[in-house]
Amino acid sequence: MNQASEYDAIVVGAGIAGLSAALYLSRQGLKTLVISKDLGGQLLMAGTIENYPGIKVTSGAELAMAIEDQVKTFGGEFRYGDVVNKIERLEDGRFMVSTEMGANYICEAVVLAFGKIPIKMGIEGEKEYDGRGVSYCSICDGPLFKGKVTAVVGKGIQGLDAVLHMAELSPKIYYVTPTKLFGEEELIDAVKSLDNVVIMEYHRPVKVLGDGSKVTGLLVEDIKNKVEKEIQVEGIFVELGYEAKTDFVKGLVELNEKNEIIINKIGETNVEGLFAAGDVTDIPYKQAVISAGEAVKAALSAFSYIQRRRGRKGAVLGDWRKTGKVKKEKPAFKLGL
Ligand SMILES: Cc1cc2nc3c(=O)[nH]c(=O)nc-3n(C[C@H](O)[C@H](O)[C@H](O)COP(=O)(O)OP(=O)(O)OC[C@H]3O[C@@H](n4cnc5c(N)ncnc54)[C@H](O)[C@@H]3O)c2cc1C
């Protein structure tokens, strides 16, 4: 095993939740590391943001880079391009955080902020052509397919939005959707009114077709008649929703039926020292400003936890803890130590 570097706190994920948590942790003087696949997470897909308080309009990427810069001014460190795949509690109560690339880190508190990722089609050829015609973000990648025939595989408002967006760029779009169109009436009417959209209700994708280097088509099935049909497209936009990929923390923290991490009002999970925030948690209304605010709560709770662990009284929480309103102060189950 590689020698483990030591930190006070580790944040998993550099979306707006992870970045906001890192800002507060590092500003409190804690040696903080953020480990993330990428910088920005869903902010990159959001394109233009017009509802972040105090900022009239910004791009998700700009917002992420601005917070990253702010974190760095307080000494926060980043490790990008790696994925956390294991978190264990050590005998002394600290955590060992391990990554796919074989790095190990030890810390006193962890903030889980690894968000949600797009739901995949789960069909043959999808992985092979990911990034070579298969995309999970029409807002980000749509312009790359300007002038090309494309398909949107989606449902609900997300699918309809993607179709409307692609209709500006593609001469022809197939909308492959497993049910009848549903979502806002206005959006449905707008999609139905477009001449360049072929609506394929009650159809499901079966196989991504390609020439070895790029997508050339999509095999779809008419769910009602069980008839398969090939459509010739150069781009496939998957807009089926988002899911929390919490497999690696299953058995460590308590999850709800949607595999979201259950937290209390101050970002604590059921495990002492493990905090969570943002879209990966069971908090409703998945929005950037909510992720940021929840992350600040989790970071302050983590700071307070570290202070208490170190025997320092009067940490941030103040009266809140004395009121006994924190649901679970102790882990709800043993971690097999
Ligand atoms: C198309 C779209 C438009 C949107 N528009 C708006 C809008 O206008 N206004 C608004 O407020 N909100 C909007 N949202 C919602 C908002 O973007 C999200 O609620 C918010 O960005 C979630 O932030 P997060 O940090 O919790 O998670 P995420 O943004 O999902 O970030 C998670 C981070 O963790 C990383 N990660 C994942 N797993 C691991 C792992 N195992 N190890 C290491 N790193 C990992 C990811 O790479 C990512 O960097 C939009 C979302 C989408 C998809």
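This is a predicted model: local features need pLDDT of at least 70, side-chain atom pairs count only at pLDDT 80 or more; totals for chains, interfaces and linings use all residues.

Visitor: Why does tyrosine 202 count as partly exposed?

Guide: Buried means under 20% relative accessible area, exposed means over 50%, and partly exposed is in between. The value for tyrosine 202 is 27%, so this residue is partly exposed.

Visitor: Where is tyrosine 202 placed in the chain?

Guide: Tyrosine 202 belongs to the loop between strand S13 (197-200) and strand S14 (203-210). Its backbone has a positive phi of about 55°, although the residue is not a glycine.

Visitor: Which other residue has a positive phi although it is not a glycine?

Guide: Asparagine 259 is one, with a phi of about 65°. It lies in the loop between S18 and S19. Asparagine 259 is partly exposed, its relative accessible area being 26%.

Visitor: How should I read a list of contacts? Which residues are in contact with threonine 177?

Guide: Such a list leaves aside neighbours within four places in sequence. For threonine 177 it names Gly154, Lys155, Met200, Glu201, Tyr202 and His203.

Visitor: Is threonine 177 buried or exposed, and where does it lie?

Guide: Threonine 177 is buried, with a relative accessible area of 2%. It lies in the loop between strand S12 (173-176) and helix H6 (185-192).

Visitor: Where is phenylalanine 275 found, and is it buried or exposed?

Guide: Phenylalanine 275 is found in strand S19. It is buried, with a relative accessible area of 2%. Its contacts, leaving aside neighbours within four places in sequence, include Ala109, Val110, Val111, Leu112, Ala302 and Tyr305. The C-alpha atoms of phenylalanine 275 and alanine 299 are 7.8 Å apart, while the two residues are 24 residues apart along the chain.

Visitor: Let us turn to aromatic rings. What describes a pair of them?

Guide: A pair of aromatic rings is described by the distance between the centres and the angle between the planes. In this structure, a search of the whole finds five aromatic pairs. One of them joins phenylalanine 78 and tyrosine 80, and it is stacked, at 5.5 Å centre to centre with 20° between the planes. Phenylalanine 78 is buried at 18% relative accessible area, whereas tyrosine 80 is partly exposed at 32%.

Visitor: Why is the pair of phenylalanine 114 and phenylalanine 248 called tilted?

Guide: Planes under 30 degrees apart count as stacked, those over 60 as edge-to-face, and the rest as tilted. The planes of phenylalanine 114 and phenylalanine 248 are at 45°, with ring centres 4.9 Å apart, so the pair is tilted.

Visitor: Which parts of the chain does this pair tie together?

Guide: Phenylalanine 114 lies in the loop between strand S8 (104-112) and strand S9 (117-118), and phenylalanine 248 in the loop between strand S18 (242-243) and strand S19 (274-276), so the pair ties together parts that are 134 residues apart in sequence. Phenylalanine 114 counts as buried at 19% relative accessibility, and phenylalanine 248 as partly exposed at 22%.

Visitor: Which charged end sits over the ring of tyrosine 7?

Guide: The charged end of lysine 31 does, 4.4 Å from the ring centre. Lysine 120 lies over the face of tyrosine 136, at 5.0 Å from the ring centre.

Visitor: How many residues surround the ligand, and which are the closest?

Guide: There are 32 residues around the ligand, the closest being Asp38, Gln42, Asn51, Asp279 and Ala288. A backbone N or O atom of aspartate 279 is 2.9 Å from a ligand oxygen atom. For serine 36, an N or O atom of the side chain lies 3.2 Å from an oxygen atom of the ligand. For glycine 41, a backbone N or O atom is 3.5 Å from an oxygen atom of the ligand.

Visitor: Finally, into which domains is the protein divided?

Guide: The protein is divided into domain 1 (5-116 + 244-322) and domain 2 (134-239). The centres of domain 1 and domain 2, taken over C-alpha atoms, are separated by 35 Å.

Definitions and conventions:
Residues are numbered from 1 along each chain as its sequence is written. Side-chain values use heavy atoms; hydrogens and water are left out. Domain bounds come from an automatic or database domain assignment. Helices (H or I, at least four residues) and strands (E, at least two) are DSSP runs, numbered from the N terminus. Buried means under 20% relative accessible area, exposed over 50%, partly exposed in between (1.4 Å probe, protein chains only). Contact means heavy atoms within 4.5 Å. Rings of Phe, Tyr and Trp (its six-membered ring) pair if their centres lie within 6.5 Å; planes under 30 degrees apart count as stacked, over 60 as edge-to-face and the rest as tilted. A charge sits over a ring if NZ of Lys or CZ of Arg is within 6 Å of the ring centre and within 35 degrees of the ring normal. A residue is near a molecule or strand if one of its heavy atoms lies within 4 Å of it. A polar contact is a pair of N or O atoms within 3.5 Å; within protein, one must be able to donate a hydrogen and the other to accept it, and residues adjacent in sequence count only if both atoms are side-chain atoms.
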